[in-house]
2 protein chains.
Amino acid sequence: MFLVPPSLPPTPKDLVDKAHILLDRKLGPSKVLHLPESCERFSRDESEAEGRVPDLVVLAETLDDIRDTLTVSVEARVPLTARGAGTGRTGGAVPVAGGIVLDTTRMNQIKEIDRGDLVAVVAPGVILKDLHAAAEREGLFYPPDPNSWETCMLGGNIAENAGGPRAFKYGVTRDYVLGLETTLMGGTTLRTGRRTVKGVAGYDMTALFVGSEGTLGVFSEITLKLIPKPETVFTLMGLFGAARDATVAVEAMIRRGVVPRCLELTDSGSLDAMRAQGVGIDASARAMLLIDLDGDMTTCERDMERVGEACDEAKAIEVLVAQDASQRDRLWAARRELSHAIRNMAKNKLAEDVVVPRSRITDLMDAVERSGQEYGVRTLAYGHAGDGNLHVNFLWDDDEDVPKVHKAIEAMMRHVIEMRGTISGEHGIGVLKIPFLPWEQSAELIAVQKGIKDQLDPLGLLNPGKIFAPGGHKAC
Amino acid sequence: MFLVPPSLPPTPKDLVDKAHILLDRKLGPSKVLHLPESCERFSRDESEAEGRVPDLVVLAETLDDIRDTLTVSVEARVPLTARGAGTGRTGGAVPVAGGIVLDTTRMNQIKEIDRGDLVAVVAPGVILKDLHAAAEREGLFYPPDPNSWETCMLGGNIAENAGGPRAFKYGVTRDYVLGLETTLMGGTTLRTGRRTVKGVAGYDMTALFVGSEGTLGVFSEITLKLIPKPETVFTLMGLFGAARDATVAVEAMIRRGVVPRCLELTDSGSLDAMRAQGVGIDASARAMLLIDLDGDMTTCERDMERVGEACDEAKAIEVLVAQDASQRDRLWAARRELSHAIRNMAKNKLAEDVVVPRSRITDLMDAVERSGQEYGVRTLAYGHAGDGNLHVNFLWDDDEDVPKVHKAIEAMMRHVIEMRGTISGEHGIGVLKIPFLPWEQSAELIAVQKGIKDQLDPLGLLNPGKIFAPGGHKAC
């Protein structure tokens with residue numbers, strides 16, 4: 001698989017040795033890995049970013065472990081990258097300078113699910129699937145559902161502000177984080193935010209930490225807002241002869257006042273990938289909408305009718321309604337498998353995650369196709385039509401095509417910016433999107449952000465080489 | 001009325017003169033007020049904070065006006081306080097050091113209401129009522145509805161992160177701000193956020209500016225998320241023999257899966273105030289719930305039944321359903337008038353705005369009563385029961401009672417913190433709550449916030465004397 005090499009030099013051995021001694025002393029050897037063979041798996045995440053094998057891996061179990069590790073990082077001047085499940089798609093958890101990886105997967109306690117206050121309190125290593133289950137056992141609901149929901153962890157979800165199909169109706173992770181316990185470089189622990197739904201005491205530091213990709217601090221406790229669990233869920237699938245028809249259907253639904261919980265669009269290339277996985281889909285279909293409706297029975301039945309009308313209005317080839325849970329799971333399994341299915345379609349793949357204003361989604365699909373054709377690179381796109389958020393895949397076999405691929409991606413990004421969209425919908429900037437940040441944001445805006453980073457991490461040791469280009473502007 | 005005096009000395013005359021000359025030159029005299037009689041009305045807002053009469057008032061009409069004024073403020077070393085309608089309740093817009101007031105009320109253009117993208121783009125001086133109307137003409141909806149909705153302006157709403165009764169179902173201002181155009185001290189203009197619902201490019205600077213109370217920058221353009229307008233609204237009023245019965249009803253509704261758009265609680269003192277205004281309310285009632293349900297007819301009718309059951313379960317004295325719009329308006333008019341009605345009940349009044357986890361709302365009401373009784377101060381409370389957010393009023397006639405009032409407020413605040421609540425639900429910290437911020441937040445957390453403030457406003461000229469105590473910690 002095609003990889004983007006690390007942007008920073010490795011960490012000098014003498015500093016690593018100092019850190020190793022200090023960590024062994026403070027945490028005990030049982031929590032500190034140092035053999036290359038045991039550290040190797042911490043060098044990667046789910047993205048195309050190539051990391052270095054970390055020199056040391058700390059398996060944190062408590063807030064004190066996190067504090068001690070952040071203190072040691074500063075004392076020994078060794079870079080530190082915090083990490084959960086490593087399911088990120090832009091390299092946020094990849095240690096590009098080696099050094100220490102702070103693994104929080106052992107901190108997996110669901111501390112509280114409170115029905116009265118509608119909050120959950122969790123440690124960063126809790127797997128999202130487990131939180132979903134725990135909330136639903138109490139008749140409650142935690143909406144965010146990134147594609148990696150079965151393995152990803154809350155700490156990473158907060159760090160990357162994870163989204164997911166349900167975001168169209170319920171919003172993203174940011175919308176559910178009430179409070180955070182965050183430790184800064186040097187070991188100061190801040191409790192930000194609150195347990196209440198409302199609160200305006202001082203600046204919204206919690207919102208600043210959400211989506212900061214592990215560059216500002218490390219989370220040890222997360223307070224999340226829950227909502228009552230919807231009574232029922234209906235799933236529909238609409239097949240269309242063209243992507244434009246599908247987006248017409250989306251507009252028609254929204255015009256009818258339907259707010260589906262999920263509104264997933266897949267283009268013809270993605271349908272081919274699903275067919276290749278043995279999913280039976282009408283051969284004439286060039287686009288598909290997968291629609292989840294939730295609420296009480298009456299509302300869902302009414303919305304289902306409206307969705308049907310909308311699909312007819314858009315000349316749908318066919319509209320299927322899942323009759324039971326197993327049919328729903330089958331429909332969704334195909335969609336969830338898509339990103340893996342795509343991996344089998346070519347030797348190399350780069351996945352981009354972009355957003356345009358909802359009304360421009362068809363233009364975005366056209367732009368993707370054009371960008372691919374112009375440079376002779378295969379593209380396919382799928383994603384969250386309701387949010388104008390597409391995951392665009394660029395596929396190629398011949399390694400010599402890399403420059404063409406980069407040109408195609410740049411062409412698409414240029415279109416996205418022109419359409420007043422954003423270069424990252426739910427995957428962050430990490431390593432892979434650093435070159436594009438200045439396309440979307442002014443030098444002054446980037447400088448202000450780096451100023452905040454410099455304030456909280458003056459030595460630049462916390463997850464270095466992420467979001468901002470090394471060097472570049474300083475704070476104004 | 002009882003007033004809290006300014007915390008900072010006035011601005012030296014020679015600096016003011018320099019600023020006056022520069023502003024006249026850059027903006028022209030027609031946009032610059034300097035006569036005390038014309039500046040006097042800019043010294044106050046709707047709070048008990050006493051400001052100084054500003055030395056200069058700029059009536060900004062364009063982004064360039066804002067930029068020029070912020071540049072002059074730095075050049076002449078004259079403090080600057082931006083201001084919209086001045087409806088704030090904690091003194092956020094009060095110029096405690098005099099200097100320049102930057103008035104944005106002339107910047108009142110609704111630039112865009114986009115049905116396709118579900119966004120509105122407005123200037124800071126747009127009155128919230130006008131945005132509500134413009135959105136609803138397009139079949140769209142902007143939920144935030146602070147009590148001052150008929151006069152307050154969007155710029156101030158963003159600066160204070162305004163809430164309102166609808167926050168229980170729809171969230172607060174923060175949840176609707178997609179993007180901001182903000183000018184920093186010195187005149188750098190940043191465009192943060194986006195026009196898309198999703199986006200994770202860099203830190204969430206937009207969220208940092210929302211609720212920063214005019215201490216970090218001045219807004220010139222605001223991009224807001226809109227949602228489809230609910231088909232219909234039902235209003236109910238439940239009367240109860242005790243506050244505890246009302247909160248039992250609230251829990252019972254939520255248990256039944258009802259999420260009312262508004263869920264307003266008034267205690268017996270507030271009911272007396274309403275009775276004094278000639279509102280006919282059963283004499284035996286000691287608490288009232290005002291409930292708005294919205295959605296489509298079927299959902300509202302079903303929810304209305306469930307609310308009725310919940311009120312019966314809680315032994316409601318009486319449940320009234322508004323039969324038409326005029327009855328709805330009458331019910332709400334009484335509630336909206338409450339804060340003014342309370343003014344007539346005593347010579348002096350201090351209004352606090354606190355939040356506790358929803359399950360503690362009855363405990364909060366008890367705590368308020370106890371705090372009042374302990375120090376012999378009249379209290380009454382009303383607010384957003386669903387959010388655990390109460391507006392608590394302390395009333396007294398004899399000016400010598402001020403120390404007792406402060407003791408009573410401190411006692412209540414202590415209870416709020418003990419209940420893991422927050423000292424400000426929707427009114428910010430401004431001037432009045434500065435003493436309590438350290439009760440809720442650690443010195444380290446306050447220091448980090450002041451560090452961000454220092455980075456963006458190194459001379460401390462932008463809305464000085466707000467949120468943080470003058471002096472105190474520096475950035476870590």
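## Two helices in chain A

Contact here means heavy atoms within 4.5 Å. The structure is a predicted model. In chain A, helix α9 (residues 268–276) touches helix α11 (residues 325–343). From α9(A), the residues in this contact are Ser270(A), Ala273(A) and Met274(A). They meet Ala334(A), Arg335(A), Leu338(A), Ala341(A) and Ile342(A) of α11(A). Sorted by class, the residues of this contact are six nonpolar, one polar and one charged.

How are the two helices oriented to each other? Their axes lie 9 Å apart and form an angle of about 95 degrees. Angles of 65 to 115 degrees count as roughly perpendicular, and α9(A) and α11(A) are therefore roughly perpendicular to each other.

## The interface of chains A and B

Chain A and chain B touch through 80 residues from chain A and 80 residues from chain B. The area buried between the two chains is about 5,900 Å², and carbon and sulfur atoms give 58% of that area. On the side of chain A, the residues that lose the most area to chain B are Lys198(A), Val200(A) and Tyr203(A). Together these three account for 16% of what that side buries.

Polar contacts also cross this interface: the rule finds 32 residue pairs, both residues being at pLDDT 80 or more. Several elements of chain A each supply at least two residues to the side that touches chain B, among them strand β9 (189–193) and the helices α8 (243–255) and α10 (297–313). Helix α15(A) gives the most, with ten residues. By class, this side of chain A has 30 nonpolar, 26 polar and 24 charged residues.

## Salt bridges

Side chains of opposite charge can pair when their charged atoms come close. Over all chains, the count comes to 80 salt bridges. Across the interface of chain A and chain B, the rule finds twelve salt bridges. Which residue of chain A forms a salt bridge with Asp204(B)? The partner is Arg174(A), and the closest N and O atoms of this pair are 2.8 Å apart.

Another salt bridge lies within chain A, between Arg378(A) and Asp397(A). For this pair, the closest N and O atoms are 3.8 Å apart. Arg378(A) is in strand β17 (residues 378–384). Asp397(A) is in the loop between β18 (389–396) and α13 (402–418) of chain A. The two residues are 19 residues apart, and the pair links distant parts of the chain.

Definitions and conventions
Residues numbered from 1 in each chain as written. Chains lettered and ligands numbered in written order. Predicted model: local features only at pLDDT ≥ 70, side-chain atom pairs only at ≥ 80, totals over all residues. Heavy atoms only, no water. Buried area = accessible area lost by both parts, 1.4 Å probe. Salt bridge = Lys/Arg side-chain N within 4 Å of Asp/Glu carboxyl O. Polar contact = N/O pair within 3.5 Å; in protein donor to acceptor, adjacent residues only side chain to side chain. Helix = DSSP H or I, 4+ residues; strand = E, 2+ residues; numbered from the N terminus. Nonpolar A, V, L, I, M, F, W, Y, C, P; charged D, E, K, R; others polar. Axes fitted to C-alpha atoms, helices over the stretch in contact; angles between N-to-C directions. Parallel < 35°, antiparallel > 145°, perpendicular 65-115°, else oblique.
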